[in-house]
Amino acid sequence: MTSFEVPVYAKRGLTVVRGKGALVWDDAGQVYVDCIGGHGVAVVGHSHPRVVAAICRQAERLIICPNTLDNDVRRAYLERLVSVTPPGLDYVFLANSGAEAVEAAIKFARVATGRTRLVAMTRSFHGRTMGALSLTGNRKYRDPFTPLVPDVVHVPFGDLEAAREAVDERTAAVVVEPVQGEGGVHPAPDGYLATLRALCDRAGALLVVDEVQTGFGRTGAWFAVEHWQVIPDVLCLAKGIAGGVPMGATVVTERVARALKPGHHGSTFGGNPLACAAGLAVLDILAEEDLVAQARAKGEYLLAGLRALTSSQVRAVRGLGLMVGLELRTRATPYLRRLQEDYRVLALPAGPNVIRLLPPLVITYEQLDTVIQALQEVLET
Ligand SMILES: *Cc1c(COP(=O)(O)O)cnc(C)c1O
């Protein structure tokens, strides 16, 4: 057990002290290609100079401003954010994490529909707080903490028949990740989200899409729902939103916003000017460096490289943009350790058998080659 910390994290035995772009350095000065990227947070790369400048500038002006008071930077941020979210998603609640973005979605869905039932997916991940955990499909995370929030039904991800059976006039919302991340990098089958949209419309339920991991260019679109031209009622965002500064957002339609009244929800730190300034810089960088298109092109390059791996250990290669999973025939952990220690490549697990890559969108092709080559060598022995 490490001193001072409760032992809830599986430690990797590495102390990281500095980052730049898609690289991080340890305390001995060794450099690593970082496909963990703060669990997919570092979309614009570590310590992007524009994010750093925005944070420093804002820290000198104003760090906290409660939401009962308006703030120039928060206002500018909200306007910019809704200019990139899908049409009709024009109202934002700002929080501090992905789980909180999901918590708000649960409360908003209850208020907007007057119903309590939530339909979520097997293998899903929505966060660790009690509400978000209630939606999360993984038994390992849920079981120690029952009873959870009642009236949550889980159906197999991708199974339209099961969804059709589960969604009815008691359903407040269907909650889904467009690409399941933690659950093993599973993109939604074509037509799945559109049919969920139709089922929700027919039942008067809301479609809540959790883009905490897939948002802000990660999958080669601003938001992954765009790949299937589906517009949700509620969009949950976090991770890449503010260059590593904690922030979450729940973006809703006018129908949902109209149901909400003062006192229904709130957050002390949510929407603080420091995070908003960082969030504005991220939106600028994504647009000006054309990182969304880059994620698409680099993702295709990475997927092609991984599909060409000759190892018999590889069972499947899946992904969308720079959200990529390599499913193995055996446990991923020993390979992740060797990638880190012998090749200085950092990658994530997603379930027991999947190596997940969530590199910054600014990763270079040369760095992607390093990752592909390291995987080739690690997996052939
Ligand atoms: C990471 C994640 C969350 C939880 O975000 P936190 O900021 O860790 O609370 C929720 N949903 C999805 C899809 C995620 O990937």
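Predicted model: local features only at pLDDT ≥ 70, side-chain atom pairs only at ≥ 80, totals over all residues.
Helices, here, are DSSP runs of H or I with at least four residues, and strands are E runs of at least two, both numbered from the N terminus. With that naming in place, S47 falls in the loop between α1 (37-40) and α2 (49-61).

As for cover, S47 counts as partly exposed because its relative accessibility is 40%, and the partly exposed class runs between the buried limit of under 20% and the exposed limit of over 50%.

F4 shows a positive phi too, at about 75 degrees, although F4 is not a glycine. This residue belongs to the segment before β1. With 89% relative accessibility, F4 is over the 50% cut-off and therefore counts as exposed.

One more backbone feature turns up at a proline. The peptide bond running from T146 to P147 is cis, its omega being near 0 degrees. P147 itself is found in the loop that links α6 (139-142) with β6 (152-155).

Back in the segment before β1 (16-20), there is V6. V6 has a relative accessibility of 61%, so V6 counts as exposed.

Then there is the second largest pocket, with a volume of about 830 Å³. Its lining is made up of 26 residues, and those closest to the pocket centre are N67, V92, F93, L94 and H265. Which elements supply at least two residues each to this lining? Both α3 (72-84) and β4 (91-95) do. The largest share comes from α3, which puts in five residues. Sorted by class, the lining of the second largest pocket holds 12 nonpolar residues, eight polar ones and six charged ones. Among the central residues, V92, F93 and L94 fall in the nonpolar class, whereas N67 and H265 count as polar.

The loops contribute S47, between α1 and α2, and P147, between α6 and β6.

Notes: Residues numbered from 1 in each chain as written. Heavy atoms only, no water. 1 Å grid on protein atoms, 1.4 Å probe; cavity = no way out; pocket = protein on both sides within 12 Å on 5 of 7 lines; lining within 4 Å. Points joined across faces, edges and corners; volume = space filled by probe spheres on them. Buried < 20%, exposed > 50% of the residue type's maximum accessible area, 1.4 Å probe, protein only.
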